[in-house]
Protein chains: 2
Amino acid sequence: MTQTDLITRRERLLGPAYRLFYDEPAHFVRGEGVWLYDAAGDAYLDVYNNVASLGHCHPRIALAITRQVETLNTHTRYLHETILDCAETLLATLPDHIDRVMFTCSGSEANDLAVRIAEAYTGRTGIIVTELAYHGVTQAVSQMSPSLGEGVVRGPHIFTVPSPLRFSSETRAAGFAQAMDDVIARMTKAGFPPALFICDTLFSSDGVISDPAGFLKPAVERVQAAGGLFVADEVQAGFGRTGEAMWGFQRHGLSPDLVSMGKPMGNGHPVAGIAMRAELIEEFGKKSRYFNTFGGNPVSCAAALAVLNVIAEDELMVNVRQVGAYLTDGLRTLGDESKAVGEVRGAGLFFGVDIVTDGQPDGDRARRIVNHLRQHKVLISATGQQGNVLKIRPPLVFRPEHADRLMAALSRAVSHP
Amino acid sequence: MTQTDLITRRERLLGPAYRLFYDEPAHFVRGEGVWLYDAAGDAYLDVYNNVASLGHCHPRIALAITRQVETLNTHTRYLHETILDCAETLLATLPDHIDRVMFTCSGSEANDLAVRIAEAYTGRTGIIVTELAYHGVTQAVSQMSPSLGEGVVRGPHIFTVPSPLRFSSETRAAGFAQAMDDVIARMTKAGFPPALFICDTLFSSDGVISDPAGFLKPAVERVQAAGGLFVADEVQAGFGRTGEAMWGFQRHGLSPDLVSMGKPMGNGHPVAGIAMRAELIEEFGKKSRYFNTFGGNPVSCAAALAVLNVIAEDELMVNVRQVGAYLTDGLRTLGDESKAVGEVRGAGLFFGVDIVTDGQPDGDRARRIVNHLRQHKVLISATGQQGNVLKIRPPLVFRPEHADRLMAALSRAVSHP
């Protein structure tokens, strides 16, 4: 079946709300480590994957899933040890005050549950997100995701703060805190005092904003002082992505009330969750039971437990720091050599690279670079307000030789008209 | 680790919103077909499972998952054939006018997306559910789930109709239609004309209400005539559960606008979806993209495709009809013999059995029966307003000899004081 046939069939069966990557969509049939293979057997370097974060088809994760699928798959209304082993291993990576975890199938469900828990605990409904936030696709959290566009109607309880990217690196901490003060005052006046502030601790959809580490702290403390909870959305930044810490909020020295997680948690298997302070779920549990049919099932927990073990045993965060530093050097050097490359931001193996023309954001050029790379079998994407920020996010098992291949292709792509 | 240790550990790690089945919770370590095994190797007959609906650890489903996990697991922004094969096979089981499908991870996400699509299409927000409905756990659909209790605050856009069980079998169609007329009038007056009416086509949480087949039709037509959409929630009744048809709405001769599905779709693997008329998703797709990281991934679709194939190739609906009829006879005979057993409702392999004392609903007695059965290694549950309806829902591969074992145990349990 040709690409065109597949696309036609897809439109006929799935409809238009699904989007495909790239001007020439990609069709992969096999994956292994950092590589994806098309039907012709050609290998593509996957530099845009924080789901199969340990590499495609990681044998230990595949084995954990296979064994459990062949043994038992039930739910949380029966006792099972794997959910407890998984919860315990997960909570050991989090600060002591985060001591309960609940499992869902997706990051969307995790953030949605965080909202329900925060509302039950605070008795408030006001929510603060950044101006280009993305937190998921349920009705509640799609409203909290301005990056989905104007088509998603927002309730009056949702308030936005400017992206931290609007402040220079030097003024970011103070500027963002002042913006938070302003929005808290505005929403309180409007009758929606904050139940929660949620952010992706790497601000992926806002254009990747990582530094200076700690800049988030004053703003978060403002929310907590005003009686709101802070939800660290670690779907993007969690599970060792930054190399410096298991969780993105730790880079900023934050003390979150809830921590949501998803994408890389099962290396592609649908598992996600929300960890929190015990008293939050005590309050929620009094008011409502929570049963998620697939959430926390033995197979999902076996996958998640294996992921946690591989990150620790293979010392992947060391690799993230080393290869991350190597890539940072490469990207900065490219920035020195090419006028198309502006600021390079990021932490560990997550980069945002501004593409500019005459110093101005150039989304079209970023799009051309992304598609040029795809034609040369290197997979990345773009993000940010103008779509001009290259989003580079390889698996945690990325090695220096992969970085070299990326940099060679990227160097050609940015010099291409 | 003892049961008590497991329970203590669970409370310490997961918190109080999770509930366990049975006065003495069960701990299973292995499953096969209709059997679950505890750590001592004792076999329990699973008569309460519409997730592992083809039987625990079905070898063809396990193989489909294993193969795909070892080959490739990506997402819907790349082309992949399995999602298309799965969508095509699924849509072939649905009426012609239902011609698009979108994939999610859970029935909650499917119903949540149905709400978003219905709101985008109708420009309305009013929602009708039955008084004891259950449609999931996201913020939007937990509000549409009065069976979760008063602790879940409902928005002013959610309206309830009485359970069809409030009408006698003879007056059910007309009475439920009249109730629908009344609620449509009330909500329209309140400024919330109906965007949608959603119901489980077997009314599981309302006490299992199956007959007379067709009773739902006049009420659904009232909603559609008033400009609202009808969402058939097939999470419980779908995938051949009733034996008479692949989908519960077909028993009632209904023409739904959207069909949501979940639990048995991947025989335990987290996959769910929403099928609908093309024009509904056209409207939604104009306003917003939809990307669900794990929804429709190759592994989930391989599992769902295998489930559809097994149901067809093993002619499981024939088995459901045969063993369902056999069990119906057995339950009716038990009803004739025991004063504790009142009305027996259901279709295929899904039964609601009223437990009564002196003709009145007796939830305590139902609870004792459920726990007595668990002590004798037969697993069922209870539902309904007073919790007095035994919910009997074996896997579709249940055989007459399993039915005999259930009936023998149930007969002893109902005669036990």
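**The interface of chain A and chain B**

Biologist: Through which surface do the copies meet?
Modeller: In this predicted model, 100% of the interface residues of chain B are also interface residues in chain A, so the copies meet through the same surface.

Biologist: How many residues are in contact?
Modeller: On chain B there are 95, in contact with 95 residues of chain A.

Biologist: And how much area do the chains bury?
Modeller: About 8700 Å² is buried between chain B and chain A, with 59% of it on carbon and sulfur atoms. In chain B, the residues that lose the most area to chain A are Tyr78(B), Leu79(B) and Phe294(B), which together make up 10% of what that side buries.

Biologist: Turning to charges, how many salt bridges does the rule find across the interface?
Modeller: Six salt bridges are found between chain B and chain A. The side chains of Arg9(B) and Glu88(A) meet in a salt bridge, at 3.0 Å from N to O.

Biologist: Which element gives the most to the side of chain B that touches chain A?
Modeller: That is H1(B), with nine residues. By residue class, that side of chain B divides into 46 nonpolar, 28 polar and 21 charged.

How values were computed:
Residues are numbered from 1 along each chain as its sequence is written. Chains are lettered from A and ligands numbered from 1 in the order in which they are written. This is a predicted model: local features need pLDDT of at least 70, side-chain atom pairs count only at pLDDT 80 or more; totals for chains, interfaces and linings use all residues. Side-chain values use heavy atoms; hydrogens and water are left out. Contact means heavy atoms within 4.5 Å. Buried area is the accessible area (1.4 Å probe) that two parts lose on being put together, summed over both. A salt bridge is a side-chain nitrogen of Lys or Arg within 4 Å of a carboxyl oxygen of Asp or Glu. Helices (H or I, at least four residues) and strands (E, at least two) are DSSP runs, numbered from the N terminus. Ala, Val, Leu, Ile, Met, Phe, Trp, Tyr, Cys and Pro count as nonpolar, Asp, Glu, Lys and Arg as charged, and the others, Gly among them, as polar.
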